[in-house]
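Subject: Structure for you to look at

Dear colleague,

I am handing over the structure we spoke of, and my notes follow below it. Please read them with the model open beside you.

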Amino acid sequence: MIYKFNMNCPDCATELSVSEHQSGDIVLCKNCGCEMELLNKDPLEIRVIEEEK
Ligand SMILES: [Zn+2]
């Protein structure tokens, strides 16, 4: 069974659909390119990975 859910990017609010398949539980926003780490699925908990600039 593939676990799937929708979430909104904390940065640009684009709706993203995420599946458990995603490697390393890293979610990449297709709109702004920000990376989020999936900490917990239920309840949903994410952490934005800050990029060094
Ligand atoms: Zn985004």
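Which residue in β5 does glutamate 35 stand opposite? The residue facing glutamate 35 there is isoleucine 49, and the notes below set that pair in its context.

Please bear in mind that this is a predicted model, in which local features need pLDDT of at least 70 and side-chain atom pairs count only at pLDDT 80 or more, while totals for chains, interfaces and linings use all residues. Residues are numbered from 1 along each chain as its sequence is written.

The chain holds five strands and zero helices (DSSP runs numbered from the N terminus, where a strand is E over at least two residues and a helix is H or I over at least four). Of its 53 residues, 6% count as buried, a term that requires 20 or more other C-beta atoms, placed from the backbone, within 10 Å of a residue's own.

Three of the strands make an open sheet in the order β3-β4-β5, with antiparallel pairing, where two strands pair if DSSP finds at least two bridges between them. β3 (26–28) and β5 (44–49) each have a single partner strand and stand at the edges, so one side of each is left without a neighbour in the sheet.

β3 pairs with β4 (residues 35–41) over three bridges, and isoleucine 26 has glutamate 37 in β4 as its bridge partner. β4 and β5 are joined over six antiparallel bridges, and they form a hairpin with two residues between them. Of the six residues of β5, the number buried is zero, so β5 lies largely in the open.

With best wishes

Definitions and conventions:
Buried ≥ 20, exposed ≤ 12 C-beta atoms within 10 Å, placed from the backbone.
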